[in-house]
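Dear colleague,

Please find the structure below, handed over for your review.

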Amino acid sequence: MAMEMRLPVARKPLSERLGRDTKKHLVVPGDTITTDTGFMRGHGTYMGEEKLIASVAGSVERVNKLICVKALKTRYIGEVGDIVVGRITEVQQKRWKVETNSRLDSVLLLSSMNLPGGELRRRSAEDELAMRGFLQEGDLISAEVQAVFSDGAVSLHTRSLKYGKDVDLSCPARTRHGFAPSSTHLLTYPEAHISQLGQGVLVQVSPSLVKRQKTHFHDLPCGASVILGNNGFIWIYPTPEHKEEEAGGFIANLEPVSLADREVISRLRNCIISLVTQRMMLYDTSILYCYEASLPHQIKDILKPEIMEEIVMETRQRLLEQEG
Amino acid sequence: MAGLELLSDQGYRVDGRRAGELRKIQARMGVFAQADGSAYIEQGNTKALAVVYGPHEIRGSRARALPDRALVNCQYSSATFSTGERKRRPHGDRKSCEMGLQLRQTFEAAILTQLHPRSQIDIYVQADGGTYAACVNAATLAVLDAGIPMRDFVCACSAGFVDGTALADLSHVEEAAGGPQLALALLPASGQIALLEMDARLHEDHLERVLEAAAQAARDVHTLLDRVVRQHVREASILLGD
């Protein structure tokens with residue numbers, strides 16, 4: 001049986017190899033940004049003794065009279081109209097609490113959800129009692145942000161038919177944080193652990209790495225589809241052959257997924273992990289280029305550091321050529 | 001050990017340092033991808049690993065939620081192999097609880113908790129031969145890595161007093177010798193003290209000197225941590241592009 005052994009070796013940081021420097025003004029907490037009192041203070045700053053002081057480590061952004069410091073990594077901050085993928089944590093009286101990688105859990109009101117069959121009516125007491133039948137703790141949903149409360153909590157809605165419930169392949173049923181890293185290319189959870197046969201894989205990344213675009217639902221030409229949630233939760237699933245128009249997506253498709261589709265999904269997942277490790281923005285083009293660059297390698301090799309660097313360098317190159 | 005002098009006539013300590021010198025510090029941020037923020041620090045032979053989760057919704061009892069501030073929750077644990085004798089320490093024991101409480105006091109002073117009402121910030125620290133200073137420094141880096149707004153860095157250092165000289169950054173041998181030890185956590189830019197702790201006897205006249213030595217050492221630690229953070233931010237910024 002062949003075994004692979006890897007020894008630690010010092011590698012040069014990637015930023016040196018890129019050979020460029022940043023033009024941004026970088027600060028750490030406690031740094032004075034400016035002593036000019038004419039500026040308005042935004043996020044990441046606070047006023048102390050007539051000076052504007054940074055409170056997070058990041059880059060300073062100035063828009064006219066507003067100065068704010070954008071931190072490298074934060075939790076998701078909701079904005080109206082964002083697409084998010086979240087996991088139900090609680091079923092409360094007339095709403096569900098959804099975990100979306102933000103500072104407070106988001107809420108999904110019963111009235112903001114489509115009833116199966118697409119009927120439009122006032123939600124009755126029977127609907128409240130039947131809430132658990134629609135969504136239980138541990139289910140994954142895709143939804144849109146409807147409103148943001150004053151303390152930062154976010155209210156979601158799934159009013160359009162394209163939103164709905166997903167079933168997570170990589171998560172044993174009813175656990176909260178279903179992301180289990182696996183370096184083998186076969187999704188190895190036997191059917192017995194999952195109460196419903198699954199349909200996709202969830203990848204959790206930092207929200208600051210998901211690029212804001214016009215649409216976040218992409219059907220990639222390699223055979224899988226991806227939902228890039230603004231909150232950093234990315235859902236990869238096999239492209240359905242025909243779009244189901246009725247039922248609003250609440251009846252999960254429980255047919256087994258073919259091996260070829262599973263391999264495509266695993267490869268995409270590993271590509272996304274390597275893009276995130278090298279801090280590249282995620283959008284459909286970058287994911288696709290990375291996928292194509294990784295085709296010569298085996299799926300499980302993509303996670304090795306040197307191959308990861310090689311693939312991402314190639315992706316960067318292609319993206320630069322495409323832009324310039 | 002008989003005849004072991006903590007401070008030689010020429011002014012050298014057991015490990016060859018001068019009275020005000022720090023041990024070698026190495027630090028790294030972002031060691032865990034799963035956590036919101038993480039950091040690893042080595043101060044001489046003492047190693048500390050800190051992990052931060054948050055701010056997030058309060059788990060467990062909803063009643064603990066504060067309506068205007070975030071709740072800071074700190075836990076300290078010590079590795080079994082960290083001392084001379086391999087000993088398994090249960091999680092709730094007194095030293096861990098006390099350290100956890102001290103860390104919590106320190107960080108409640110530094111984190112701007114009013115910005116995140118009704119949420120919770122978890123800080124988990126694991127230290128080898130655990131001293132308070134290494135834990136605080138590691139936790140500062142981890143909180144910075146998580147993007148949680150803080151007033152300033154929190155830099156900590158220990159100090160002792162031997163033969164009329166104040167020593168900064170005590171090693172294990174010097175701590176075990178039994179002299180007075182002071183632990184100080186400082187916010188360097190403003191010079192404010194977040195926590196000052198001593199549980200030994202020290203004459204009031206000497207307090208000023210020992211405090212000053214600890215403060216200077218903490219400022220030196222700040223220079224080092226500052227450099228680490230700037231390097232990390234610069235590298236991430238370059239990778240992200242403009």
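In chain B, the side chains of B:Glu174 and B:Arg17 form a salt bridge, at 3.9 Å from N to O; the term denotes a side-chain nitrogen of Lys or Arg within 4 Å of a carboxyl oxygen of Asp or Glu. This pair links distant parts of the chain, 157 residues apart: B:Glu174 lies in helix H3 (residues 172-176) and B:Arg17 in the segment before strand E1 (25-29). Helices (H or I, at least four residues) and strands (E, at least two) are DSSP runs, numbered from the N terminus. Both B:Glu174 and B:Arg17 are buried, where buried means under 20% relative accessible area, exposed over 50% and partly exposed in between (1.4 Å probe, protein chains only). They also belong to a network of salt bridges that includes B:Arg13 and B:Asp169.

This is a predicted model, in which local features need pLDDT of at least 70 and side-chain atom pairs count only at pLDDT 80 or more, while totals for chains, interfaces and linings use all residues. Residues are numbered from 1 along each chain as its sequence is written, chains are lettered from A and ligands numbered from 1 in the order in which they are written, and side-chain values use heavy atoms, leaving out hydrogens and water.

Over all chains, 19 salt bridges were found. One of them joins B:Asp145 to A:Lys73, with the closest N and O atoms 3.6 Å apart. B:Asp145 is buried at 4% relative accessible area, and A:Lys73 is buried at 17%.

In helix H6 of chain A, the buried residues include A:Ile307 and A:Leu319.

Yours sincerely
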